[in-house]
Every structure is written in C-alpha cells, then in structure tokens.
Amino acid sequence: MDADIDPDRYHLASFEGRGIRQSYVHEGAGGAPLLLVHGWPESKRIWWKVIGPLADAGFEVIAPDLRGFGGSDPGPQGTWDVANYSRDLHALVTEGLGHDRVVLAGGDLGGPVVQDLALRFPDLVDRMVLFNSPVAYDKVAMAGMASRSATEASDYFVRQGTDADGLAAELTTPEARRRYIATFYTSRFWAHPGAFLPEAIKGRRYTGSAIVDFHTEPFGDAATLRASFGCYESALRPEVVSEPALLARNPDVRTLILYGPSDHVLYPDFDRMAAVAFPDHVGPFLLRDCGHFVPWEAPGPFTSGTVAFCGDLLAAVRR
C-alpha cells in the first residue's frame, strides 16, 4: 500500500486527560515541538504527507485527533467546541508530553483552535502556521475585502449546526456516512480540481477511490460523525458552547500565512484578512493548484515553508 494512505504509517500514541482518551501521532521525539491541528471533515490523516518530512527536518511532530474525531473519544455532548478542543491540546502538550513551548499549525476548524490556543495560553505558543481558516473579522480594516464565502456553499454548515441529530439520523449506514463526507473532498470543490481523483487516473498502482476512502473511513462510525457536527452546532447555537472561543486580532504571535486559493468554501480574501488579523506575519503565500486541504494538496510548499519559518528553532535543537 502507498505510504500516503497507509493508516499504520506512523506511530500512534494516546493521552488520557480531561476525561477523554486522545489519539495522536508522535514522530521525531526530541525535536522542536510542532502541533498539527486538523479541521473538518478531517482527522490526523490529513497530515500524512508531511509528518515524515517534518520529523526528518528536526521537528517533534504531534498530530492529534480532536475530541470526537478519528481515534479520540468524543466526550459528552455539549463539549464539542473550540474552547474544549483548545484545552484538550494544551493538556496533551504540557501534561502529556511535558512541553512548555510549541509551534502551532492549523487550517479549517484547526485554525480557530490554534488561534484560541495562542490567545488562551500565550506563554505556550512560539509561533504559528495558518492556512484556509476563519479569522477574526475587523469591519474597518477589512472593508472592501471579499470576506464571505459563496452562499451556495453554506447549506451544509446550517444543516449541521441547526439539525445535527436529524442529519445524522438520515445517514444510517457506514457507507452513507462516508458518501456524505466524500462530497467535501470531491463534488463540493473544496479542493483544487483533481486533488482527490481516483488514483487510476493519475497512473498510481492501485485503482478506485482509495484516497477519498482513506480520509472518509473514520467518519463511517455513527458516533464519530455525530460528534464532528458539534463544531458547527457550537458556531450556531450559543446554548451548547462550554465557554466562548477566543478569536481576535493577535499582534504577538509571529505567523506564517499560507493560502490555497482554489478553495470554494472559505473567504476569497482569506490571505488579506489573515494579514490584518496577524500583523507580525510572513507571507501571505498563495499556493498554486491548491485548495482547502493544504497539507495534502501542497505538502512540499507546506513543509519547506514551515521549515524555513522555524529555521532558528530547528538549529537550536541540533546544537
């Protein structure tokens, strides 16, 4: 099996903390700590192409499943929000692995999570890599920017946020749940055209939709799919939020901004908006032929950019 879609490619570990067991990949122990935070509808597998190269470059790579995703326990309903994801990761990094400083990277849902971490626990965060993510809106500084995604792309958001139980009840089999998730990798055009094509078309040695299957497999489980909708409920239903997410302009964390502009779900001017939200930034850099799933669609630029951005940290570890 191609290593990119081998679920056993990396060492899996788990951390028992905050009432849940959190599953994570841990590679390159002793390097510069780098926390990779996935989005929706993703799991830690979205990082499969970059974990090895980042560890080889000198990072200690920590790639968890958020609560309710992949191999991590869901925790109680009503705890599927940014603040809980953020506090879980803080416990993993500090209590589980003993780090007092870490580099953060995230996009999609992982973007608000790493932004919350940087504001909630500022002494923990060394710097940040951000891509294709919601950011805090500044009405004045962002005036004239294309700050809204296309309305035709938002139907899933409303349904998952306001009728999560009803939607989950309609998806009655693992196959139906996986087909639903597969649309976000294919027909909804979140990715650059062709990024998740059947491998036979790309001349790979296996056929069918193995790449999409690899990413949708964790969502075949009914409890996982339902828990994953919680991040949307917390965005649209204040009564299910454990505590407010911290999402605000942050001038204190140096941030590398990357953008896959083929994304059909995020703001068209994400790059310009992120530059406002993070004044101390490098970039923004637009990635050719790349959409929403940056570490999968553009693993080379993501890896090389992150390595260059953190060159001083990597050099200090090598001494």
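The accessible surface of the protein chain in this predicted model amounts to about 12,800 Å², and carbon and sulfur atoms account for 53% of that area (Shrake-Rupley method, 1.4 Å probe; for residues, only the protein chains shown count as cover). Local features were considered at pLDDT of at least 70 and side-chain atom pairs at pLDDT 80 or more, whereas totals for chains, interfaces and linings use all residues. Residues are numbered from 1 along each chain as its sequence is written, and side-chain values use heavy atoms, with hydrogens and water left out.

Of the 319 residues, 55% are buried (under 20% relative accessible area; exposed is over 50%, and partly exposed lies in between, with a 1.4 Å probe and protein chains only). The C-alpha trace spans about 55 × 50 × 40 Å along its principal axes.

The secondary structure comprises 13 helices and eight strands, assigned as DSSP runs numbered from the N terminus (helices: H or I, at least four residues; strands: E, at least two). Of the contacts (heavy atoms within 4.5 Å) between residues at least 6 apart in sequence, 77% join residues at least 24 apart.

In helix α12 (residues 299–309), the buried positions include F302, T303, T306 and F309. Helix α2 (residues 82–96) contains L92, which is buried with a relative accessible area of 0%. Beyond residues up to four places away in sequence, L92 touches F15, Q22, Y24, I62, P64 and L97.

Two cis peptide bonds, each with omega near 0 degrees, are described here: W40 to P41 and G283 to P284. P41 lies in the loop between β3 (32–37) and α1 (48–56), whereas P284 belongs to strand β8 (residues 281–286).

Most residues other than glycine have a negative phi. Positive values occur at D108, with phi near 55 degrees, and at N132, with phi near 35 degrees. D108 is placed in the loop between β5 (102–107) and α3 (110–120), and N132 in the loop between β6 (125–131) and α4 (155–162). Both residues are buried, D108 with a relative accessible area of 12% and N132 with one of 0%.
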